[in-house]
Amino acid sequence: MNRLRLWLLAVGGAGLAALLVAACLDLPGFGGDRHPYGDRAVHASLLRHTANTVASVNFDQRAYDTLGEMSILFAAVLGCVVLLRQARDEHRAPPEPAGVARPVRRYALLVLPVALVTGLYVIAHGQLSPGGGFQGGVVAATALHLLYLGADYGALERVRPLGVYETTDALATGAYLVLGLAPVLAGTAFLANTLLPYGTFNTLSSGGTVPLLNAAIGMEVASAAVVLLAHFLDQAVEIEEEHGS
Amino acid sequence: MRHLLPLLVALPLLGAALLVATGRRLPRVAVEITGFTVCGGTAALALVLLLNSAPPLTEWVGAWPPAGRESVGILVVGDGPALGMATLASLLTLAALAYSWRYFDAPPHGHTGAYTALMLVFQGAMCGFALAGDLFNAFVFFELMSVVAYALTGYRIDEAKAVQGALTFGIVNSLGAYALLMGIALLYARTGELAMARIGHGLDAAGPGGPDALVLASFVLVLTGLLVKAAAVPFHFWLPDAHAVAPTPVCMLLSGVMVELGAYGVWRVYGTVFAGPGGIPAADLTRALVTLGALTAVTGAVMCWYQRHIKRLLAYSTVAHTGLFLVGLGVLTPEADDGVALYLLGHAGVKAALFACAGALLDRFGSVDEHSLHGRGRPLRATGVMCAVGALGLAGLPPFGTALGKAVAEEAVGGPLTVVYVAASAITAGAVLRVTARVFLGLGPRPRDAEYETSGSHEEPETTGLLSRVPDTMTTVPAVLLAAALAMGVVPGFGALVARSVGPAGSGGAHWTAHGVLLGVASTALAVALAGLAVTRPDWTAAPGWAAPLRRLQSGHVGDYVAWLLVGTTVLGALALPGVLGS
Amino acid sequence: MADALIVVALLLVAASATAAVAQRDPARQALVLSFMGVLLAALFTVLQAPDVGLSQLAVGSALTPLLIMLSVRKVRRRGRARKEPE
Amino acid sequence: MHVLPYLVAVHLFLTGCYGLATSRNLIHAVGCLAVCQSATYVLLLAVGYRDGGTAPVFSDIRPGSRPVVDPVVQALTLTDIVVGATVTALLLALVLQIAKRHGTVDPDELRELRG
């Protein structure tokens with residue numbers, strides 16, 4: 001190990017540690033009662049009939065942050081598609097079907113539908129109970145990949161037409177943006193949740209545009225995670241280098 | 001009007017989504033026209049908003065206007081500097097898209113729209129960061145900007161250096177972003193707010209006795225994130241590794257505006273969050289920024305001089321100039337701010353043009369190595385002339401916009417710091433002139449190879465195969481950029497316009513002075529002399545022994561860079577400590 | 001009671017993070033990270049953040065380790081393919 | 001107890017940095033970066049906690065009947081988690097390409113960019 005690097009690490013680490021520990025001692029004690037922004041957010045969420053305050057912050061009060069976050073996911077997927085493309089000196093070799101123990105296979109096929117439905121349920125109830133587009137989307141996408149365990153890579157590729165997922169990813173991103181732009185056309189602010197009725201508290205259609213944005217995020221996250229996993233699987237299983245390169 | 005502010009982010013993103021959704025069916029020309037239209041439309045919108053930005057536009061996204069003084073929404077600020085940066089980013093993206101028109105390497109199969117879409121997302125992210133009035137929102141767009149930049153830097157996956165540079169870039173910048181987020185969390189704990197102005201009020205209300213360790217730590221963490229992006233010493237190591245290997249149009253954006261957005265972020269965050277009595281005293285900020293900025297300028301200039309990889313040389317010149325911007329921002333006077341704003345605009349034009357010239361060399365000869373290209377650039381007369389003109393602009397020869405900005409900033413910082421300005425701009429410009437003389441004129445003997453350096457020969461061109469002639473777009477774009485940089489200094493009233501946009505308090509505008517012109521001519525003369533000496537007497541200017549340790553620090557090892565990042569936070573804390581102890 | 005739970009969860013998270021850094025083999029590190037993801041999810045739930053806990057469970061203990069495992073597999077497979085022709 | 005959660009966050013950040021700086025395998029380094037990031041989750045949620053508070057979800061409690069913890073930091077952390085996963089994916093993609101082009105994932109053996 002490089003001597004200089006260890007010295008730098010020791011000096012820098014010690015300095016930063018001292019600074020951060022001193023800052024921690026000045027922080028308000030853990031579990032304190034002063035959360036002005038949080039209290040205002042709870043109030044605003046109830047005004048707009050959204051039972052899950054976190055969903056209200058994510059998709060209504062700070063929906064612009066979520067737009068940025070969704071764009072990060074969108075850009076990262078696009079980046080992975082570009083970075084993990086088949087290079088000039090590589091070719092595809094269909095993998096041999098791997099032997100999977102029968103109990104594993106049965107278990108995977110059993111869990112798959114359950115996980116898929118759980119994912120969709122979690123997406124749908126985002127504004128009412130804990131969960132929402134992100135969590136449900138990731139669960140649903142990961143569930144789909146149980147097929148790799150349960151059946152084999154070929155089966156997974158058949159139910160997973162990548163192009164469709166990539167298009168869905170882009171369309172969901174577009175849908176979120178269009179939902180944000182509609183209020184601008186109506187003469188108010190970007191992403192304003194003022195066009196739709198807020199509905200009855202604690203029902204699926206409550207919260208104005210919150211359920212719609214939540215659904216867009218769910219679709220985006222699910223298809224983005226599928227595309228990401230697919231490209232990594234492709235690299236791990238299918239793409240090979242030309243020998244002698 | 002104010003409702004249109006978030007559209008600067010939304011429009012490019014929508015364009016990108018559209019391109020990805022339809023990208024596999026569209027022919028390449030349609031993709032490029034769409035990208036061009038969306039990017040240009042956004043740039044036009046930014047310009048219109050900029051011209052209407054007095055008094056500053058502010059918008060609460062999501063229609064959450066503050067009840068009393070407090071809101072739950074996100075604030076977007078459209079004042080002169082914010083919209084100016086957004087306009088600059090949009091126009092440079094337009095130039096980069098024009099530069100890559102048709103000739104840039106074939107897009108990945110089945111993803112015709114991917115490259116253009118990434119560029120559009122990059123544009124939206126830079127606009128979003130420039131306009132952010134909310135600290136967490138700034139972090140989100142900071143990350144978006146970074147993520148797109150990593151992907152674009154590694155775009156040429158067949159190139160070994162490109163993927164390594166992109167990973168270094170990714171790890172160091174992500175770590176910086178997490179430090180920034182830790183700082184935001186500390187500020188939220190103290191004030192319970194996220195809008196920058198509200199955090200500033202909260203700090204003043206909480207600490208009438210002055211700042212404590214918590215304020216200092218949050219200041220250090222937030223600045224670490226922003227200075228990593230601005231590539232200040234010792235956070236700068238990632239920049240040459242990334243900028244030297246990214247595709248040329250991307251380099252134009254990275255060096256021309258993304259790094260400068262880091263410096264802009266420092267200016268914005270200090271002015272809105274930490275400038276009050278509960279924040280960090282002005283003397284401490286000046287000490288921190290001027291020290292780091294001067295170090296950055298000197299390191300960047302010295303390292304720039306010893307490069308033979310042309311894009312890497314230009315990358316170090318960006319490091320040097322960002323150091324100068326940080327020095328200017330650090331002295332905290334309105335005059336210096338005006339000067340830096342002008343300097344930054346001029347530098348963006350000149351640096352993007354120089355990268356464009358280097359890209360033409362790469363695509364024509366498959367090399368960006370000063371030694372192996374010796375004399376081979378003679379046929380590319382237009383590119384050679386633009387290289388020389390760009391070098392003069394970099395040196396600050398009047399009447400370039402860079403010269404006006406540099407002169408105003410020099411006058412504002414005064415004293416020995418003027419020497420740093422003159423030296424850094426002269427050395428970096430001298431290096432570019434030296435390259436021009438050797439590559440395009442074939443002057444002097446072919447220099448000897450050193451032991452510890454990055455060579456630029458045997459690189460893959462960015463086009464499909466080597467070009468037999470440089471296409472018109474690749475000469476028009478740098479010509480337009482240089483003309484713009486020149487116009488900034490020549491068009492009467494431009495300096496005053498920039499000064500008015502930067503601050504309503506204003507310094508009365510940026511004007512040419514005899515003193516400034518003299519200094520500009522002096523640094524140009526110094527640059528020419530250095531270049532002449534280097535070409536005719538290569539042994540005199542070869543790397544002396546004392547520069548070797550400095551070069552060894554740039555080891556290409558990501559672990560070293562992370563260790564330096566930690567040292568940087570400690571140094572930053574130490575530089576700002578006196579104000580906290582004194583209160 | 002809640003406090004005790006929080007303290008235990010915090011200490012476990014700190015310990016698993018140390019283990020994740022100390023484990024230099026990336027495949028094993030992925031397992032430790034997955035375990036740490038579960039612990040973090042538990043911590044978030046105790047901190048009354050079920051939303052965050054759920055996404056940490058989905059992302060931190062499933063998606064990220066899976067991506068790391070796939071990368072390890074690719075790098076190893078590559079290494080083997082390199083050795084065979086020799 | 002009053003500062004323990006904050007100190008754990010500091011510990012996570014510094015441990016991750018140590019791992020990053022001393023790593024001999026780039027995949028391992030990306031994992032360490034994920035550890036660094038978990039420090040931000042812990043810090044944010046610790047800042048937003050309220051003694052005796054419950055989750056800010058009103059589907060089964062009456063509004064105003066019990067104190068709730070800060071929902072804003074939870075939303076920020078959610079964003080942060082997604083950001084972390086995407087950054088990890090992107091960096092791993094780059095590591096795979098490094099493995100292909102350089103034939104190694106040991107940062108000590110990458111010698112192309114220096115000086």
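How many helices and strands does chain B have? Select chain B and count: there are 22 helices and two strands, where helices (H or I, at least four residues) and strands (E, at least two) are DSSP runs numbered from the N terminus. Before moving on, know that this is a predicted model, in which local features need pLDDT of at least 70, side-chain atom pairs count only at pLDDT 80 or more, and totals for chains, interfaces and linings use all residues. Residues are numbered from 1 along each chain as its sequence is written, while chains are lettered from A and ligands numbered from 1 in the order in which they are written.

**Stop 1: chain B as a whole**

Keep chain B selected. Its C-alpha trace spans about 70 × 60 × 50 Å along the principal axes. Of its 583 residues, 69% count as buried (20 or more other C-beta atoms within 10 Å of the residue's own, with C-beta atoms placed from the backbone; 12 or fewer is exposed, and in between is partly exposed).

**Stop 2: α6 and α8 of chain B**

Now pick α6(B), residues 160–191, and α8(B), residues 213–230. Their axes are 7 Å apart and the packing angle is about 150 degrees (axes are lines fitted to C-alpha atoms, for helices over the stretch in contact, and angles run from 0 to 180 degrees between N-to-C directions). That makes α6(B) roughly antiparallel to α8(B) (over 145 degrees; under 35 is roughly parallel, 65 to 115 roughly perpendicular and the rest oblique). Among the residues that meet are B:Val172 and B:Leu187 in α6(B), and B:Leu214 and B:Val228 in α8(B).

**Stop 3: where chain B touches chain A**

Show both chains. Here 62 residues of chain B are in contact with 60 residues of chain A (C-beta atoms, placed from the backbone, within 7 Å). Which element gives the most to chain B's side? Select α5(B), which gives 10 residues. By class, this side of chain B has 42 nonpolar, 12 polar and eight charged residues (Ala, Val, Leu, Ile, Met, Phe, Trp, Tyr, Cys and Pro are nonpolar; Asp, Glu, Lys and Arg charged; the others, Gly among them, polar).

**Stop 4: α9 and α10 of chain A**

Finally, select residues 162–185 and 210–238 of chain A, helices α9 and α10: their axes come within 8 Å and cross at roughly 150 degrees. That makes α9(A) roughly antiparallel to α10(A). Residues to click include A:Tyr165 and A:Leu179 in α9(A), plus A:Leu212 and A:Val227 in α10(A).

Notes. Two residues are in contact if their C-beta atoms, placed from the backbone, lie within 7 Å.
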